[in-house]
Amino acid sequence: MISCSKTGMYYARGRWVPADGEAPARLAALGFDDAAVQNARAGTMAWGILQAHNTSGDADALRLKFDAMASHDITFVGIVQTARASGLTRFPVPYVLTNCHNSLCAVGGTINEDDHLFGLSAAKKYGGIYVPPHLAVIHQYMREMHAGCGKMILGSDSHTRYGALGTLAIGEGGGELAKQLLGRTYDLPRPGVVAVHLTGSPAVGVGPQDVALALIGAVFKTGYVKNKVLEFVGPGIANLPLEYRSGIDVMTTETTCLSSIWVTDEKTQEYLAAHGRAMDYKPLAPAPLSLYDGLVELDLSAVRPMIALPMHPSNVYPIEELCQNPIDILRHCEEECRELIGPDKPALRLTDKVKDGKIYLDQGVIAGCAGGTYSNIVEAAAILKGHTGGSGEYALSVYPSSQPTMMALTRLGVLTDLMASGATVRTAFCGPCFGAGDVPANGALSARHTTRNFPSREGAKPGSGQIAGVALMDARSIAASTRMGGVLTPATAIGYDPAIPPYEFDDSSYRSRVYNGFGRPDSAGSLRLGPNIKDWPAIPPLGRNLLLRVASYITDPVTTTDELIPSGETSSYRSNPLGLAEFTLSRRDPGYVGRAKAIAAEEAARAKGEGDAALLAAVRAVPGCEGFGWQDIQIASVVYALKPGDGSAREQAASCQRVLGAGANIAVEYATKRYRSNLINWGMLPFQLEGPTPFGLGDAILVPGIREKLKENSLAAIPAWVVGQGAPRAFTLSIAPLTQDERRILLDGCLINYYKR
């Protein structure tokens with residue numbers, strides 16, 4: 001079904017040629033001269049779009065400016081506050097502020113609606129676009145109104161993916177959006193590009209989530225596409241409707257790729273024309289000769305309905321396989337979950353869901369940018385029509401992804417059919433994707449066509465004795481399982497009419513309610529600040545010598561951003577940096593906040609010259625540091641994790657550590673570029689460590705001369721010492737290459753300080 005090449009691959013007029021020693025001769029036989037071969041990297045679609053947006057003049061060191069940006073109500077307050085503190089006067093590109101994450105206004109009194117009104121006031125003051133609550137989820141609105149062929153869009157949500165519409169879109173932390181608002185650039189080395197060659201046609205009952213999960217399962221664990229651009233090509237694309245392509249595309253985030261782009265065709269053109277943007281279409285395809293860093297071959301006709309069991313989208317099985325061997329597979333998953341969330345937390349009992357050889361689900365949800373599309377809901381309704389999930393514990397909820405989508409479904413009678421089948425229909429909302437909507441009962445297993453199923457992503461709180469799990473599935477198989485009373489059932493086992501009536505886009509709700517102020521800032525306007533909206537606290541620049549105290553020591557194979565800072569109801573506090581910081585690592589290491597505060601108190605005492613004399617003596621025992629006094633040292637906390645940062649783009653995963661006094665992370669590797677960028681933008685050194693770990697929780701680590709090392713860009717081998725436990729123990733840290741601006745941000749202490757300077 002899916003295979004990955006072991007070498008780079010040339011795409012040569014529809015043929016694939018391995019980029020090995022025999023490639024020149026093979027390409028010459030196909031009519032390509034040496035000059036064409038030398039320039040083959042420039043033949044990819046990604047190359048053309050990246051270079052069209054590159055301002056550096058260096059094809060390998062990109063400094064990108066974007067055509068548009070998007071943020072939602074969990075992130076836009078912090079972004080605007082960061083940019084405002086750095087001199088923001090107007091939004092230089094269309095900047096869309098949607099209200100789709102905290103739109104329930106169910107936690108913390110007025111604070112969510114206060115954030116929404118802050119967003120409206122910012123759109124008016126700086127010239128932005130404001131989408132009120134319940135009108136659209138962020139990515140559906142950007143697909144409908146802004147994505148177009150050859151464009152680049154930057155979003156403060158990790159699932160910023162519009163490749164099926166010919167847009168190279170990237171999800172990043174808020175600091176990168178603040179840079180764009182201030183006229184700066186998004187800087188990175190030219191990324192690798194991996195081709196995804198699609199052939200065949202999906203069977204009836206196989207949806208976009210099934211294809212996406214199969215792809216994630218094949219490439220995530222190997223890191224095959226990490227921080228690369230996925231370029232979708234091949235004859236199978238023509239067999240996929242545009243929304244189907246978008247449903248696959250949005251899930252590419254879970255492969256840990258940087259971005260994605262698809263060949264465009266008449267279906268792309270029809271979609272854009274139907275949304276009143278025919279001028280945004282242009283054909284995109286690889287050049288006759290293009291060089292890729294790898295090739296994923298995916299036969300759509302071989303994909304079966306899939307399920308990603310808790311607690312990661314890569315924990316993938318064909319549903320038929322799971323149903324044939326439920327006890328062994330679910331018991332193995334239980335063991336993995338126990339190891340992930342810790343033996344001191346409640347256990348997720350998945351094997352209890354098996355009765356008489358059948359797996360019973362407790363809940364179904366079809367929602368958000370991945371699940372709530374017109375075509376997904378139409379097919380789900382066709383499967384359910386005339387049937388019901390019953391009046392027991394199992395329940396199905398459906399969230400159309402935008403008001404225009406809901407209007408089209410209403411005209412067809414699809415929503416009426418769903419409601420007659422017992423489904424509840426809600427307005428556009430991202431909450432079920434991160435635990436702010438449809439939180440299941442303790443011990444429940446929820447099947448969701450959403451984007452993630454990380455620990456506690458459904459909203460349970462293991463620290464309070466609660467546990468639940470999410471299984472990712474396609475809307476079609478969720479509907480089939482609902483039809484069978486909650487019994488896990490692949491949609492291919494159900495006969496139904498898969499025909500999808502043509503979609504008619506009606507933007508009247510947008511014309512009525514969206515505030516479109518781009519290009520018309522009211523500089524005299526004022527921001528509306530609710531009592532929970534706080535400025536960023538002062539952050540010091542990097543000291544000459546850094547003494548790090550280990551405040552958390554995590555040895556999980558991967559640490560997600562959900563574990564670093566929880567989603568769910570805590571999201572309501574993201575406009576209050578210190579308030580949100582109280583929840584840092586609360587679901588993974590509840591003692592972290594107390595330890596970090598104690599270390600911050602050590603730094604405060606150090607600044608007054610009142611530090612621990614024994615600690616200073618331990619520092620002076622390090623060769624070359626014999627004359628150090630308290631004025632020569634800066635004390636900060638540090639988090640150690642093997643591979644932190646998988647998942648969301650949320651900058652708060654880093655900023656919450658920073659406002660508690662953190663100065664660094666130490667990792668074997670970082671799961672995503674965006675998390676590492678967040679660390680840098682908040683002035684936290686992204687150290688890496690090879691070999692055995694010479695320190696543990698609570699240990700002190702001296703990194704002498706770190707400020708000078710940054711200035712000199714001497715980061716490949718950074719001397720460090722474990723101090724305070726007998727004689728100092730030397731070891732070596734490193735920092736992967738940094739741009740000049742990134743080094744300056746770290747020296748200044750954070751992005752805000754950098755811009756102020």
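Colleague: Which residues are linked with R63 in a network of salt bridges?

Modeller: R63, D187 and D741 make up that network of salt bridges. Keep in mind that this is a predicted model.

Colleague: Okay, and how many salt bridges does the count come to?

Modeller: The count comes to 33 salt bridges.

Colleague: Let's pick some pairs. What do the side chains of E254 and R452 do?

Modeller: They meet in a salt bridge, with 2.8 Å from N to O. E254 sits in the loop between α9 (242-249) and β13 (259-262), while R452 sits in the loop between β23 (445-449) and β24 (469-472), so this pair ties together parts that are 198 residues apart in sequence.

Colleague: Is E254 buried or exposed? And what about R452, buried or exposed?

Modeller: E254 counts as buried because its relative accessibility is 1%. R452 counts as buried too, at 2% relative accessibility.

Colleague: Next one: which side chain does E582 meet in a salt bridge?

Modeller: That of K597, at 2.6 Å from N to O. The pair links distant parts of the chain, 15 residues apart: E582 is in the loop between α20 (577-581) and α21 (592-607), and K597 is in helix α21.

Colleague: How does E582 count by relative accessibility? And K597?

Modeller: E582 counts as partly exposed, at 40% relative accessibility. K597 counts as partly exposed, and its relative accessibility is 40%.

Colleague: One more pair, please. What is the N to O distance in the salt bridge of D748 and R757?

Modeller: The side chains of D748 and R757 meet at 2.7 Å, N to O. D748 is buried, with 8% relative accessible area, whereas R757 is exposed, with 57%.

Colleague: Switching to sheets. In what order do the six strands of the open sheet come?

Modeller: The order is β9-β8-β5-β6-β7-β25, and the pairing is mixed. At the edges are β9 (168-171) and β25 (515-516), each of which pairs on one side only.

Colleague: How many bridges join β8 to β9, and do they run parallel or antiparallel?

Modeller: Four bridges join strand β8 (residues 152-155) to β9, and the two run parallel. As for residues facing each other, I153 stands opposite A169 in β9.

Colleague: Now cysteines. How many disulfides does a search of the whole structure find?

Modeller: Zero disulfides turn up in a search of the whole structure.

Colleague: Which residues lie nearest the centre of the largest cavity?

Modeller: H101, D157, C433, F434 and R457 lie nearest its centre, out of 25 residues that line it. So C433, buried at 13% relative accessible area, shows up again in this lining.

Colleague: Which elements give two or more residues to that lining of the largest cavity?

Modeller: Those are α6 (138-145) and α13 (368-371). The largest share, three residues, comes from α13.

Colleague: What's the lining of the largest cavity like by class?

Modeller: It has eight nonpolar, twelve polar and five charged residues.

Colleague: And how much space lies in the second largest cavity?

Modeller: About 90 Å³ of space lies in the second largest cavity. Its lining is made of L340, I341, P455, S456, P462, D562, E563, R587 and R588.

Colleague: Which elements give two or more residues to the lining of the second largest cavity?

Modeller: α12 (326-341) and α19 (561-564) do. By class, the lining of the second largest cavity has four nonpolar, one polar and four charged residues.

Key: Residues are numbered from 1 along each chain as its sequence is written. This is a predicted model: local features need pLDDT of at least 70, side-chain atom pairs count only at pLDDT 80 or more; totals for chains, interfaces and linings use all residues. Side-chain values use heavy atoms; hydrogens and water are left out. A salt bridge is a side-chain nitrogen of Lys or Arg within 4 Å of a carboxyl oxygen of Asp or Glu. Buried means under 20% relative accessible area, exposed over 50%, partly exposed in between (1.4 Å probe, protein chains only). Two strands pair if DSSP finds at least two bridges between them. A disulfide is a pair of cysteine sulfur atoms within 2.5 Å. On a 1 Å grid over the protein atoms alone, a cavity is a set of points where a 1.4 Å probe fits but cannot get out, and a pocket is an open set with protein on both sides within 12 Å along at least five of seven lines; lining residues have an atom within 4 Å of a point. Ala, Val, Leu, Ile, Met, Phe, Trp, Tyr, Cys and Pro count as nonpolar, Asp, Glu, Lys and Arg as charged, and the others, Gly among them, as polar. Grid points are joined across faces, edges and corners, and a volume is the space filled by probe spheres set on the points.
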